[in-house]
There are 2 protein chains.
Amino acid sequence: MKIGELARATDTKVETIRYYEGAGLLAPPARTDGNYRSYGTDELLRLSFIRRARDLGFSLDEVRELLALADDRDQPCGAVDAVASSHLATIERKIADLSQMRDELARVIGGCRLGKVGDCKIIQTLEPLRGASRR
Amino acid sequence: MKIGELARATDTKVETIRYYEGAGLLAPPARTDGNYRSYGTDELLRLSFIRRARDLGFSLDEVRELLALADDRDQPCGAVDAVASSHLATIERKIADLSQMRDELARVIGGCRLGKVGDCKIIQTLEPLRGASRR
DNA sequence: GCTTGACCCTATAGTTGCTAGAGGGTGCAT
DNA sequence: ATGCACCCTCTAGCAACTATAGGGTCAAGC
C-alpha cells in the first residue's frame, strides 16, 4: 500500500502520516525501488489505533504510552486503565471549564442587539472597571 | 507604571504583555529615559479587557475584533453580539464533542483492572479491526 | 519515445498563544 | 562599587499538525 492509499483508508492526511513517522508513532516502513513508502496491514491497524485514540482526545504522548502497553499483551491491564482514567479526568475538567464559560457568556448575550456599543452589556462585562465606574 | 507592576495588577506575565504588544492588541507604550515601558490607567483597562475576554475563551482575533468594536461606542451593538454568539456556539460544540468523548471513554474504563492487556477492553476499543476479528 | 498528470520524496516554515532562554542594560540600596 | 531586582531585544521552543518549495517516479495516452 502506498501512503496515499493508507491515508484514504484511515481518513488521515499524507503529511500527518509522515509526521507520525517522524514523531516515532509509526516505524519507518519498507520502501519501494522508487523510494516510496510501502505499508501493510500491520501499519493500517496501528494507524487506525492511533487515529481512534486521537479521536478520543488522547495526546500523542498518551498514544505512545497506549501503543507500548498494547504491544505487550501479557502486561497487567491496570496501567492502561490508569492512562485512560487520567485522560477521562482531564476531559471532565475541560467540560466543567467550558460549561462555566458558556454560562457566563450566555448570561451576557442577547440584551442589546438594538442598542449602541456604548451601552452594550457584553462590552461592559469585559470592562469591569470602566463598566463599574460609569453611570 | 512599569511592565512588572502592570503584570501583577492584571495577573499576566511580563512576556505575555510584550507579546500582546507585538501582536497588535496593545499599542507600543511611552518609554522612560532608561527605555522602560511606561503604562497608565488606559492600558490597565485595555489589558484587563483582553484578559477577561481570553478567560471567556475568545481567540486573540476575536479579542482584536471586540476591542475595535468597543473603541467605537456609537456603533450599533449587533456586531458585538454576533462575535459573542458565534463564540458561544463554538464553545457549545466543544462541550458536545467532549461529552461524547467522555461517554465513550467512561463506557470502556473500569472493566479490566485485574486482567492482562491482551484482554483489555480499552485496548480492544482502540483496535477496532483486530478487536472485532479476535474471538 | 515522450509528455502529461497524479502521485511520491525531503526539508523547511507557518499556525495559536504564549513561555523560556541568552545576553545584555537600568536603577536603587548598601 | 557592587549586588540585586528589574527591564530590554531577539530567538527558539511547545503541540500537533498543515502548507509550501522544489524536486523525483510511474503509468497511460499520443
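Helix 5 of chain A passes helix 5 of chain B in a left-handed crossing (the near helix is turned anticlockwise from the far one by less than a right angle). The model is predicted; local features need pLDDT of at least 70, side-chain atom pairs count only at pLDDT 80 or more, and totals for chains, interfaces and linings use all residues. Residues are numbered from 1 along each chain as written, chains are lettered from A, and side-chain values use heavy atoms, without hydrogens and water.

Each helix 5 spans residues 78-108; helices are DSSP runs (H or I) of at least four residues, numbered from the N terminus. The two axes come within 9 Å and cross at roughly 155°. Axes are lines fitted to C-alpha atoms over the stretch in contact, with angles from 0 to 180 degrees between N-to-C directions. The two helices are therefore roughly antiparallel (over 145 degrees). Their contact has 16 nonpolar, four polar and six charged residues. Asp, Glu, Lys and Arg count as charged; Ala, Val, Leu, Ile, Met, Phe, Trp, Tyr, Cys and Pro as nonpolar; the others, Gly among them, as polar.

Chain A superposes on chain B by a rotation of 179° with 0.0 Å of shift along the axis (RMSD 0.2 Å). That is the relation of a two-fold axis. Of the residues of chain A, A:Ile95 comes closest to the rotation axis, at 3.0 Å (C-alpha).

Technical notes: Parallel < 35°, antiparallel > 145°, perpendicular 65-115°, else oblique. Least-squares fit on C-alpha atoms with pLDDT ≥ 70 in both.
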